[in-house]
Amino acid sequence: MIDVPSARTAPAVPLISLPGGTFIMGADDRRRDERPAHPVSIAPLRAAERPVSNDQYAAFVEHTDAPPPPFWSQQHFSIPDAPVVGISWHDAVAYCEWLSEQVGARLRLPTEAEREYAARGGLPAADWPEPSAAWPDQAIRASVATAQHPHVPFDACRNGFGLYCMADNVHEWCSDWYDRSYYAVSPSSTPTGPASGSRRASRGGSWRHRIKFTRVSARSSLSPNYRYNDYGFRVYADAE
C-alpha cells in the first residue's frame, strides 16, 4: 500500500503572467534537434511558478481513481513540496483536466515553444535562466548539483519571470509530439508540434542525470506511457 501525502480539496497553483512576444527558439551551435534556430511568436500566457508538487498531486489521487505515482513508497519521492515524479504524459493531462474543473479555468501542458520561452525568463539568447555561462556552477546551487532526488524549489533556481527550476530538478512534459527535425518546418506563430509521433516532448533538467542542469533550448522526449522518477510537469494557462 502506498501512502498518499497530505492532500487538499482545492490545491493552490500560483500562476505567473508572462507577456508573450517573439524570441529565437533553438540554437544553431548546439545539438542537431535544436537546429535551425528560428523566430517564434508566443501569445501572452500564464505558467505555474513551480512544478506540480506531491502535495498538489495528492488531491488528484484522493478525489479521483488516478493511481498514486509509483515512487511514493520511497521517502525521497514523497516530500510534500518537492515535484511529483513517476508521472506519465497521460497522467499529467488528466491532472490538468481535473484541476481545470476544480478552479473553473482551463489549465494545460505547455507547447515546447511556450516552455522554452518561459524558461528563458526574458533573456533572448541565453543558455541558462541567468545571463552567465557559469550559472550552474554557482556555489549556492551546490546542493542541486549533487542531488539524489527531486528538491524543493528555492530562489537560486528562479528565472527572470519568477519561475522556479526551469533548468533543473525534473523533466517537464510538453503537449507536443516530438520530432527532432520539426524546427525545419515549424511555423513562426504559436507552433504546436507535429501532428503525430511516438514520443512526447519534454524540457528541463533532471536530478537523476550526472549533470543536473540543462540548457533552456535543449530538448528531450519520452513515450507518453512511461513513468520515470525524474519526470514531472507544470501547469500553464492562456492569459486572462
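**Pairing, burial and overall form**

Q: Which residue of E6 is the bridge partner of Trp177?
A: Trp177 has Arg200 as its bridge partner in E6. Trp173 likewise has a partner in E6, namely Ser202. The model is predicted, with local features requiring pLDDT of at least 70 and side-chain atom pairs counting only at pLDDT 80 or more, while totals for chains, interfaces and linings use all residues. Residues are numbered from 1 along each chain as its sequence is written, and side-chain values use heavy atoms, with hydrogens and water left out.

Q: How do you know that E5 and E6 pair, and in which sense?
A: Two strands pair if DSSP finds at least two bridges between them. E5 and E6 share three bridges, in the antiparallel sense, and therefore meet that criterion. The strands themselves are DSSP runs of E with at least two residues, whereas helices are runs of H or I with at least four; both are numbered from the N terminus.

Q: What makes the pairing in the sheet E7-E6-E5-E8 mixed?
A: This open sheet of four strands has mixed pairing. E7 (220–222) and E8 (231–232) are its edge strands, each pairing on one side only. E5 and E6 are antiparallel, whereas E5 and E8 pair in the parallel sense over two bridges. His171 stands opposite Tyr231 in E8.

Q: Why is E5 described as largely enclosed?
A: A residue is buried under 20% relative accessible area, exposed over 50% and partly exposed in between, with a 1.4 Å probe and protein chains only. Six of the seven residues of E5 are buried, so the rest of the structure largely encloses this strand.

Q: Why does Ser221 count as buried?
A: Ser221, which lies in strand E7, has 12% relative accessibility and therefore counts as buried. Contact means heavy atoms within 4.5 Å. Leaving aside residues up to four places away in sequence, Ser221 touches Tyr178, Arg199, Arg200, Ala201, Ser202 and Tyr231.

Q: Which strands are at the edges of the three-stranded sheet, and what makes them edge strands?
A: The order in this open sheet is E1-E4-E9, and its pairing is antiparallel. E1 and E9 (236–238) are the edge strands, since each pairs on one side only. From one strand to the next, the twist averages 25 degrees, where axes are lines fitted to C-alpha atoms (for helices over the stretch in contact) and angles run from 0 to 180 degrees between N-to-C directions.

Q: How many bridges join E4 to E1 and to E9?
A: E1 and E4 (residues 45–48) have four bridges, and E4 and E9 have three. Ile16 stands opposite Ala47 in E4, and Leu45 stands opposite Asp238 in E9.

Q: What makes the span of H2 close to the expected value?
A: The expected span of a helix is 1.5 Å times one less than its number of residues. H2 (residues 89–103) has 15 residues and reaches 21 Å from its first C-alpha to its last, close to the expected 21 Å. Just after H2, Gly104 takes a positive phi of about 70 degrees.

Q: Why is H1 called mostly covered, and what do its buried residues pack against?
A: Eight of the 10 residues of H1 are buried, among them Tyr57, Phe60 and Val61. These buried residues pack against H2. In H2, the buried residues include Trp89, Tyr95 and Trp98, and their cover includes H1 (54–63), E5 (171–177) and E6 (200–203).

Q: Why is the chain described as being as compact as a globular protein of its length?
A: The chain has four helices and nine strands. Its radius of gyration is 17 Å, close to the 18 Å from the globule rule for 240 residues, so the chain is as compact as a globular protein of that length. The radius is taken over C-alpha atoms, and the rule is 2.2 Å times the number of residues to the power 0.38. Of the 240 residues, 55% count as buried.
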